[in-house]
Amino acid sequence: MYHKIKILFFHLCRLLGIFWLSRRLLHKKLRILCYHGFSILDEHEFRPGLFIEPDVFARRMQYLADKKYNIISLQEAYELKEKRLFPDDAVVLTIDDGFYSVLKLSLPILRKHNFPATLYLTSYYFDKNSPVFRLAVDYMFFKTKKINIPLETLAIPGLFSQDDSDASEKIITYGIQLETEDQRIDILKKLGTLLDVDYEALNVSRILNLITLPEINDLLDGGIDIQLHTHRHRFPTDYETASYEIEKNKKIINPHLRQPMTHFCYPNGVWGNDHWPVLEDHKILTATTCVTGLIDYDTPNYSLDRILDDMRISQIEFEAEISGFNELIRLIRRK
Ligand SMILES: [Zn+2]
């Protein structure tokens, strides 16, 4: 009910020109859009907050083009922020993680408009011929039509049957502490057999796999800038581990790029000021969060908020955010 009233309110505000006015008032703020994966099959039904249908993404990009938003690269935005010279209605496009679908589905749409974008690429699953373990386990449970599954045959401590509502989490917790990816793939294969979800087909579809080494060049040629997102998609506050995560990420990816990696995105949106010394020591220029908000000249470079766009956001909600209308509401509420 609240959601319906909100949508009606948005439509009314757009009709009355308040979205237009918000955009004019906040024309010197930077908007950084955030995407993750793009849906090749039914991933958007599995995780609507993680995978967006290409048609929806295409509509958003067309909207930005039609409404003459100024799409600039992340590096350009950083330089212009330092000079306090944002162009009007500036938007930066960012994509997190590095799913194969970024190349397959988003790149042609970005190329159509000649929009630059930044991909924050984690390196652990980069160039591996296997799906992200955590997602694959959940996806298999999402896909299965089977009931009463003898999950105890997986021989995972504390795991008994599918009636156990934590089954998926128990398998993930057990799997991620294993030494090798082969051991995790073995679990996925066995789980696939139990759930009647074909592991090989899932792997071949690459819906949950990241890009491979040769594909990096396709992305670079297509105008995608590749930046840091940690090695294993984690960024604890202890200095040593955080530093290792950046170093390893850089060591694996940077040799294949044409310039140094100097921008960072906090994995899982977890961040705090205690992360900043390690970012400074690695000469990171900017770090983006998963907090919703627009950027002005005084926003600290290590807490650049973004606009998260996904399947749960309707077109009118997207317009409320990109126009700056929602930011105005947030500013009023804070005062
Ligand atoms: Zn991520």
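Student: Are helix 7 and helix 9 roughly parallel or roughly antiparallel to each other?

Tutor: Happy to take that part with you. This is a predicted model, in which local features need pLDDT of at least 70 and side-chain atom pairs count only at pLDDT 80 or more, while totals for chains, interfaces and linings use all residues. Numbering starts from 1 along each chain as its sequence is written.

Two packed helices are described by the angle between their axes and the distance between the axes. Helix 7 (residues 133-143) and helix 9 (residues 181-195) pack at about 5°, and their axes are 10 Å apart. Helices here are DSSP runs (H or I, at least four residues; strands are E, at least two), numbered from the N terminus. The axes are lines fitted to C-alpha atoms over the stretch in contact, with angles running from 0 to 180 degrees between N-to-C directions. Helix 7 and helix 9 are therefore roughly parallel to each other; that label covers angles under 35 degrees, with over 145 being roughly antiparallel, 65 to 115 roughly perpendicular and the rest oblique.

On the helix 7 side, Phe133, Ala136, Val137, Met140 and Phe141 meet Arg184, Leu188, Leu191, Gly192 and Leu195 of helix 9. A contact means C-beta atoms, placed from the backbone, within 7 Å. Sorted by class, this helix pair brings together eight nonpolar, one polar and one charged residues. Nonpolar means Ala, Val, Leu, Ile, Met, Phe, Trp, Tyr, Cys and Pro; charged means Asp, Glu, Lys and Arg; the others, Gly among them, are polar.

Phenylalanine 133 lies in helix 7 and counts as buried because it has 22 C-beta neighbours inside 10 Å. The cut-offs are 20 or more other C-beta atoms within 10 Å for buried, 12 or fewer for exposed, and partly exposed in between. Beyond four places in sequence, phenylalanine 133 is in contact with Gly175, Ile176 and Arg184.

Asparagine 148 sits in the loop between helix 7 and helix 8 (167-176). Asparagine 148 is exposed, with 8 other C-beta atoms within 10 Å, and has a positive phi of about 50° although it is not a glycine. Most residues other than glycine have a negative phi.

How values were computed:
Two residues are in contact if their C-beta atoms, placed from the backbone, lie within 7 Å.
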